[in-house]
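Please look through the sequence and the model first.

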Amino acid sequence: MLESIRETWKNIVEQELKAYAEAQLGGDVQLPEVSAQTPPKPELGDIAFPLFAYAKAFRMAPPKLAAELKDRIEKIESRPAGELLVAGPYLNVRIDMASVATSLSTLIAEQKEAYGANASLSGKRVTIEFSCPNTNKPLHLGHMRNDSLGQSVAAILKANGADVRKVNLINNRGVHICKSMLAYQKFGGGETPESSGIKGDHLVGKYYVKFASWAKEDPTAEEQAQAMLQKWESGDPEVLALWEQLNGWTLDGLSESYKKMGISFDAYYYESETYKYGKDEILKGLEQGVFYREEDGSVWVDLEPIKLDKKVLLRKDGTSLYMTQDVGTAIMRHKDWPFDSLIYVVASEQRYHFQVLFYVLGLLGYQWANDLHHLSYGMVNLPEGKMKSREGTVVDADQLVDTLTGLARNEIIEKEREALVDDVDQTSSSIALGALNYYLLQVTPTKDMIFNPKESISFNGNTGPYLQYMGARISSMLKKYEDQEFSACHSLGFDSSLLTLSDERELIKQLARYPEVVEKAGSSFDPSLLCSFMYDLSKLFSRWYHDNPVLKASSNELIRARIELVNMMLQVLKNAFALIGIPFLASM
RNA sequence: GCGCUCGUAGCUCAGCUGGAUAGAGCGCCGGACUUCGAAUCCGUAGGUCGAAGGUUCGAAUCCUUCCGGGCGCACCA
């Protein structure tokens, strides 16, 4: 909505500038393109047109030109509502916010939870892969950034009209998986999640750690693990049974964690099934002549065209590699569900891998290879430095969620709000989730981030719970508004002209901006844009709300008008929450 | 060594396609609860935007060089 108003004004300025140039300078003068910007302060208006660039052509100081343009535009009778103001070298426009508010309230009332959604990716099928855990240990903080990002970006793309399929690839084979199996076989003593009371993924993780310490004492440990892998590959029934048992435990544990964290998938792939894929594809490529064979029989791709080296795609013994697998898996997925675009949410350390993968898929001639993305995210570090599993500084996901939940619960009890919230446990974990997702999504994905446990458990300031708190207060107010004492307001219409405060104008503007932010977050795969937007919006709202009475406003008409603003606020809050994994709470 | 990436307030982060005195949060100091939920709000202090050049009317933003972090450069996944 704001977008189109901005465009309209921009066209007018452009047109008048051109007309003025013709009148003043004659002939066809080439003018730089008009740029429409946002003034730094609300008092300066809503749209700004800097005129520096035209000073030379007109041989006129920008402020004079601004005044001249203002006069000319004000003579246009069909110009849109709004006010022009000259601010030094800028020609600014103050939008008629009352009419924006009127159409916005109609729009939001109509669209409800769909407000903000747009059709920019309509008709597009997108597969997004994320999480991809190993089955030898529980999830840690690093996975959580991945999961939050994947879940959020998937939701954002849907809001942009895409048909999205979320897939998870379970890394359930390989020597690292055998290590936990081997340690369990040797030291497990038949322990099970039931007998030990330990969650399945943590139980298996315990033996993965156990392997490491055992391997320090017994130099044959690594060999034994390799031997077990061989047995697994040859289908040894005993090994397979053990493998299935432990994998089952881990997967049960992981799905419990996913559930707790609000993560879900449309399809699961298992490496045990996909690891042989890709070989045929590579051989096909060899026939097509896009790859070549070395003397020893191995197959390679030359990456010179993308300014990289060379890469092996098949070993000399004909077995496949990580790259081979990923080529095969991508093609397989496209057969399963033909997509236009495929997104991999994977840490930035694998940039090179994906550069090669995408290039190889392109060489194989697949149309969809043009729309592959590596949503590369930075590492999650601790204030002390990197997380190191060997030093035990890895932050466990389940534990973190539990800690946060406990803190939220304490907070509810301390503030004596148990009666306010209907389910203390449910509310606590929702707050924990909101805190975590917001903390993890707040930072631009590509950047490394520091996870400060102390800060992450804070519920004040720029945090998820701060946003949730706004939602709760608004809900509480709207509930009061339903009371009999406001019945006189209920029958009134919304008079947007009563919302004249500067904060009200800013709020309306921000609410109207929401769809643009959703679109931008989608095109750049960046939930952090929504986080900033939400924080700005909430901050604006709390100040307004703190300073100005709503239910106790001076007239019924004003109450009604402000309630409309509050209603819009609540809807946008809810809609955005859904995109960044913050549970909405009517009370907390 | 080569490639990618980042370097903004004490700390964690914003800063849109270059534009009007560089913004938040936390922390520090100081204010505001007979008033719609104080998990809130307001104010003070705090920055030569890693450094130096360059392009431009105008640079945190674009280009070059340098310095300093991180990551990658396996017939591992």
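The text below covers aromatic contacts, charges over rings, and a sheet.

The model is predicted. In total, the structure holds 24 aromatic pairs. One of them is formed by Trp232 and Tyr275, whose rings are tilted at 55° between the planes and lie 5.8 Å apart, centre to centre. This pair links distant parts of the chain, with its two residues 43 residues apart. Trp232 belongs to helix H9 (residues 221–233), while Tyr275 is in the loop between helix H11 (271–274) and helix H12 (279–288).

Are these two residues buried or exposed? Trp232 counts as buried because its relative accessibility is 8%, under the 20% cut-off. Tyr275 counts as buried because its relative accessibility is 11%.

Elsewhere, Phe130, Tyr258, Phe265 and Tyr268 form one aromatic cluster.

Arginine residues also lie over aromatic rings, as the table shows.

| Arginine | Ring | Distance to ring centre |
|---|---|---|
| Arg125 | Trp337 | 4.2 Å |
| Arg333 | Tyr269 | 5.1 Å |

The sheet comes next. Three strands make up an open sheet in the order S7-S8-S9, and their pairing is antiparallel. Strand S7 (292–293) and strand S9 (310–314) are at the edges with a single partner strand each, so one side of each has no neighbour in the sheet. Strand S8 (residues 299–302) pairs with S9 in the antiparallel sense over four bridges. Val301 has Lys311, in S9, as its bridge partner. In general, the strands of a sheet pair through backbone hydrogen bonds.

Definitions and conventions. Residues are numbered from 1 along each chain as its sequence is written. Chains are lettered from A and ligands numbered from 1 in the order in which they are written. This is a predicted model: local features need pLDDT of at least 70, side-chain atom pairs count only at pLDDT 80 or more; totals for chains, interfaces and linings use all residues. Side-chain values use heavy atoms; hydrogens and water are left out. Rings of Phe, Tyr and Trp (its six-membered ring) pair if their centres lie within 6.5 Å; planes under 30 degrees apart count as stacked, over 60 as edge-to-face and the rest as tilted. Buried means under 20% relative accessible area, exposed over 50%, partly exposed in between (1.4 Å probe, protein chains only). A charge sits over a ring if NZ of Lys or CZ of Arg is within 6 Å of the ring centre and within 35 degrees of the ring normal. Two strands pair if DSSP finds at least two bridges between them.
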